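I opened this notebook to record, entry by entry, what I looked up while going through the structure.

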Amino acid sequence: MTGSNYATERETTEGRVFTVTGGDWDDVVSGVDPINEGRIVVNMGPQHPSTHGVLRLILELEGETVREVRSVVGYLHTGIEKNLEFRNWVQGSTFVTRMDYLSPLFNETGYALAVEKLLGIEEQITERATTIRVLMMELNRISSHLVWLATTAMELGAINMMLYGFREREYILEIFELITGLRMNHAYVRPGGVAQDVPDEAIVKIRDFLKLMPKRLKEYEDLLSGQPIWLERTQNVAVLDVTGCLALGVTGPVLRSAGLAWDLRKTMPYCGYETYEFDVPTHTDGDVWGRYLVRNAEIRESLKIIEQAVDRLKPGPVMVDDKKIAWPAQLAIGVDGMGNSLEHVAKIMGQSMESLIHHFKLVTEGFRVPPGQVYVGIESPRGELGVHAVSDGGTRPYRVHYREPSFVNLQALPAMAEGGLIADVIAGGASLDPVMGGCDR
Amino acid sequence: MTDDKPTTGGVPVPVTPAGATSGAPAEFPPAAPAGRGMFGNQGTGDTSGFGGLVRRHHTVEDSPRPYGGYFDEVRDALEEAYPAFGEAIEKVVVDRGELTLHIRPERIAEVCQVMRDDPALRFELCSSVSGVDYLGADARRLHVVYQLTSMTYRRQVRLEAAVSVEEPHLPSVTSVYPTADWQERETYDMFGVIFDGHPALTRILMPDDWEGHPQRKDYPLGGVPVEYKGAEIPPPDKRRSYQ
């Protein structure tokens, strides 16, 4: 192969290496000796528009058939778990929210539940705080599934869907901004409750969203569900059955698309999910199409939960009573995000020395957590999000480990893609919905 | 760091906190009489919240029976199905509504096999494998923690196996739970625990040529030279002169 601007070649000790930047695949393949080089190794990523972030896939190909897939992760490793050990328990929320950036409220809630279990204060969490957590998590589940739908559709060639998906997600992010002060990285769910009560205008906006979303969901399905290209690209693609899912530890929509109705909200309820009325959608095909249907159905179920949660929101405190745990300030949302309320600052600076001392000790040093370890699993949009938290009795976590569904589920990619076509690697990988921020932490 | 507390073990026993002792002890009984200084501080006077970054240890002890809930059933079923129960299980701890079985490291794969296959146990899913470094508590300071989930019975149990830094070997459970593959690689990467029989035990999150195991407690946070105009960031415990 000579004279191509798209694929330069060079000789290495491992054989001939082509660097492909675009253009015609035939050009590349024509450069390969079909007798001696039956298999070519293609390095996809870590910078690739279809790999959902910095995921690197090494594909061994025979023609267009994938013989072996090896995934390489770790490009987004930021040492969050190590960093947590050097900050106090409350500050942990700020770190964990940055792991899986598409479902920050799940990271925070999982962490808060683990810390509360270590403190033994699960019973003291107020009803309003728990309901707000459920409300926020389900909104977050919808926004995460929308990004999944948007990016997957884009990768399979449906650019319109990408625009629509992000449009509705933006609506949810505006609700988040109203409530938490930030679109992402909220640090809103804290050990002991939530940082700030939900303002009334957010409830209005959520109710508008509940009216709007079913119509929009119908539009997505009108756009995709009967579309021949979408069906071709998803049906019988990247099949993984229940046995394969369980062996590889795959949970979440991928497991449910194979037919097992395993959803921690139903099977091991937390945050009072057992009191909400909703179904666990499943499908039996175990392919990308099934995952698409399951996620769409889950958006509908989440809407049902949100409606119930909004209805049962009654006025009340959103933080535990215990002043040794609850953040001392009544926080307020300012133009630049969330901070201390001016009244509180006026009180501690002008009137009450004791409040100032209390505030100072709790904020700088933090509360102590009795020694021990706990594991809390919650159902994130991608599957079981597990938090293993260990305390040594101090003011900082001794160890926090996240069982990240993105990390665990990605192991299933070779099982899904080997033996299939190279185009289906994209569909299969996308159907796992990996978020590299969560995977690499 | 040394710890002269007995290492036998249970429900965590609070140990005198070192470093700053004047925090807000929510549940924690203030172990030392707080009398000196304005706020009862008798340590370094550090009010940074870092407490001088001194770590303290607690020991765990065998829990008395009955444990309550399904924990007794799980233990009995394992004892019945696994003849070597007596020598393989070091401790059984029930704390905060969770059951932890401390397993001799060389037995971990066998125990997992029984946990998965026995009809009375059926822990089909290995939710999580990770590590904890209890530096200074014991010679076997590296603990590998397995979270098993039984979907049939909707139960959870934690297995814990402790190895030393000098001999950080234990059998891989990948043949029982293929999902442990990457999680064992991460544990190797972060703690340097070597899982014998793992198909390809290489680093996964850190670069292949990285030296050291970052999640160990004697590995500093930061301290890696940052390649930016010759600047170097010291680790947090060295950053400001609190001690």
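**Entry 1: a loop residue.** I first looked up R96(B), which I found in the loop between strand 1 and strand 2 (98–103) of chain B; helices (H or I, at least four residues) and strands (E, at least two) are DSSP runs, numbered from the N terminus. R96(B) is not a glycine, and yet its phi is positive, at about 50 degrees. I noted R96(B) as partly exposed because it has 16 C-beta neighbours inside 10 Å; by the rule I used, a residue is buried if 20 or more other C-beta atoms lie within 10 Å of its own, exposed if 12 or fewer, and partly exposed in between, with C-beta atoms placed from the backbone.

**Entry 2: what kind of model this is.** I wrote down that this is a predicted model, in which local features need pLDDT of at least 70 and side-chain atom pairs count only at pLDDT 80 or more, while totals for chains, interfaces and linings use all residues. Residues are numbered from 1 along each chain as its sequence is written, and chains are lettered from A and ligands numbered from 1 in the order in which they are written.

Entry 3: I then turned to R122(B), which is found in the loop between helix 3 (108–117) and strand 3 of chain B. The phi of R122(B) is near 50 degrees, a positive value in a residue other than glycine. R122(B) counts as partly exposed because 17 other C-beta atoms lie within 10 Å.

**Entry 4: the sheet.** In what order do the five strands of the open sheet in chain B lie? I read the order as 1-2-5-4-3, with mixed pairing, where two strands pair if DSSP finds at least two bridges between them. The edge strands are strand 1 (89–95) and strand 3 of chain B, each of which pairs on one side only. Neighbouring strands of this sheet are turned by 20 degrees against each other on average, direction ignored; axes are lines fitted to C-alpha atoms, for helices over the stretch in contact, and angles run from 0 to 180 degrees between N-to-C directions. I also followed strand 3 and strand 4 of chain B, which pair in the antiparallel sense over eight bridges. V132(B) stands opposite H143(B), which is in strand 4 of chain B.

**Entry 5: the helix on the sheet.** Helix 4 of chain B packs on the sheet, where it touches strand 3 and strand 4 of chain B, and its direction makes about 5 degrees with that of strand 3 of chain B. Helix 4 (residues 180–191) of chain B has 12 residues and reaches 15 Å from its first C-alpha to its last, close to the 16 Å expected at 1.5 Å a residue; the expected span is 1.5 Å times one less than the number of residues. Is this helix mostly covered or mostly uncovered? I found helix 4 of chain B mostly covered, with 12 of its 12 residues buried, among them W182(B), Y188(B) and F191(B). The buried residues of helix 4 of chain B pack against strand 3 (125–133), strand 4 (142–150) and strand 7 (194–196) of chain B, and also against helix 15 (405–410) of chain A. Just after helix 4 of chain B, G192(B) takes a positive phi of about 75 degrees.

**Entry 6: chain B as a whole.** I listed five helices and seven strands in chain B, and buried residues make up 38% of its 243 residues. Chain B averages a pLDDT of 75, and 67% of the residues score at least 70; pLDDT is the predictor's confidence in each residue, from 0 to 100. Among the elements of chain B, strand 4 has the highest mean pLDDT (93) and helix 5 (residues 236–239) the lowest (56). Over residues 16–42 of chain B the pLDDT stays under 50, and I marked that stretch for careful reading.

**Entry 7: a look at chain A.** I looked up A261(A), which lies in the loop between helix 10 (253–257) and helix 11 (264–267) of chain A. A261(A) counts as exposed because it has 12 C-beta neighbours inside 10 Å. A261(A) and P281(A) are 20 residues apart in sequence and 7.3 Å apart in space, C-alpha to C-alpha.

Terms used:
Two residues are in contact if their C-beta atoms, placed from the backbone, lie within 7 Å.
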